[in-house]
Amino acid sequence: EFVQNIIYLSKKIKIKVGIIGSGPDKKLAYNLLKKNNINFFINENVPHHQVMKYFANTKIYVSLNKRGNISNTNLEAFNNNCTMLIPNFNSPLGEVIDKSTKLLFTNETVFYYDFDKKYNLAKKIIFLLKNDKLRKIRKKNLFKIRKFFLTGWHERIKEEILEVKKLWKK
């Protein structure tokens with residue numbers, strides 16, 4: 001799905017795609033992107049301290065996480081004030097994740113796309129690239145609330161440990 005959206009997008013505008021991480025479809029993605037002459041790179045093993053340089057050079061961060069949007073990578077993008085485009089879905093892990101996600105990642109701070117709608121991701125990217133002012137407003141809103149959330153990686157780990165301890169006690 002993601003690669004098909006990128007191919008569609010590349011026919012509309014000039015893009016450079018960076019894929020950080022890996023997955024079961026990495027080889028297929030690589031071959032399709034190369035076959036379609038997409039300007040891209042895939043870097044699957046990036047240490048945490050180096051991930052930040054990628055965020056600094058990212059115009060739009062796209063999350064592919066279908067299981068809940070409060071992942072480490074999304075929180076790092078959030079903490080780096082990236083323009084975020086994340087999936088809009090009903091989490092298979094339950095309502096709690098979606099409620100938490102919507103509290104943090106509101107329509108005033110991030111942009112959502114639908115996995116199940118053909119080329120929805122590509123169309124949202126085109127829309128965002130054409131709307132600098134809207135992206136700046138969302139980033140400003142994101143910046144305002146992020147200072148009340150987590151300030152960095154170590155704080156995130158401490159917070160997760162506290163949550164696990166709470167669950168353990170139940």
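Biologist: In this predicted model, what is the order of the strands in the open sheet of three strands?

Modeller: The sheet is open and its pairing is parallel. Its edge strands are strand 3 (61–62) and strand 5 (111–113), each of which pairs on one side only. Read across the sheet, the order is 3-4-5.

Biologist: Which residues that line the largest pocket are the closest to its centre?

Modeller: The largest pocket holds about 1600 Å³ of space. Helix 1 (2–10), strand 1 (16–20) and strand 3 are among the elements that each supply at least two residues of its lining. Of the 50 lining residues, the closest to the centre are Phe-2, Gly-18, Ile-19, Val-62 and Leu-64.

Biologist: How many residues of the lining of the largest pocket are nonpolar?

Modeller: The lining of the largest pocket includes 14 polar and nine charged residues. The nonpolar residues of this lining number 27.

Biologist: Are helix 1 and helix 2 roughly parallel or roughly antiparallel?

Modeller: The two helices pack with their axes 10 Å apart, at an angle of about 10°. Angles under 35 degrees count as roughly parallel, so helix 1 is, relative to helix 2, roughly parallel.

Biologist: Which residues in helix 2 are met by Val-3, Gln-4, Ile-6 and Ile-7 in helix 1?

Modeller: The contact of helix 1 with helix 2 comprises six nonpolar residues, one polar and no charged.

How values were computed. Residues numbered from 1 in each chain as written. Predicted model: local features only at pLDDT ≥ 70, side-chain atom pairs only at ≥ 80, totals over all residues. Heavy atoms only, no water. Pairing = 2+ DSSP bridges. Helix = DSSP H or I, 4+ residues; strand = E, 2+ residues; numbered from the N terminus. 1 Å grid on protein atoms, 1.4 Å probe; cavity = no way out; pocket = protein on both sides within 12 Å on 5 of 7 lines; lining within 4 Å. Points joined across faces, edges and corners; volume = space filled by probe spheres on them. Nonpolar A, V, L, I, M, F, W, Y, C, P; charged D, E, K, R; others polar. Axes fitted to C-alpha atoms, helices over the stretch in contact; angles between N-to-C directions. Parallel < 35°, antiparallel > 145°, perpendicular 65-115°, else oblique.
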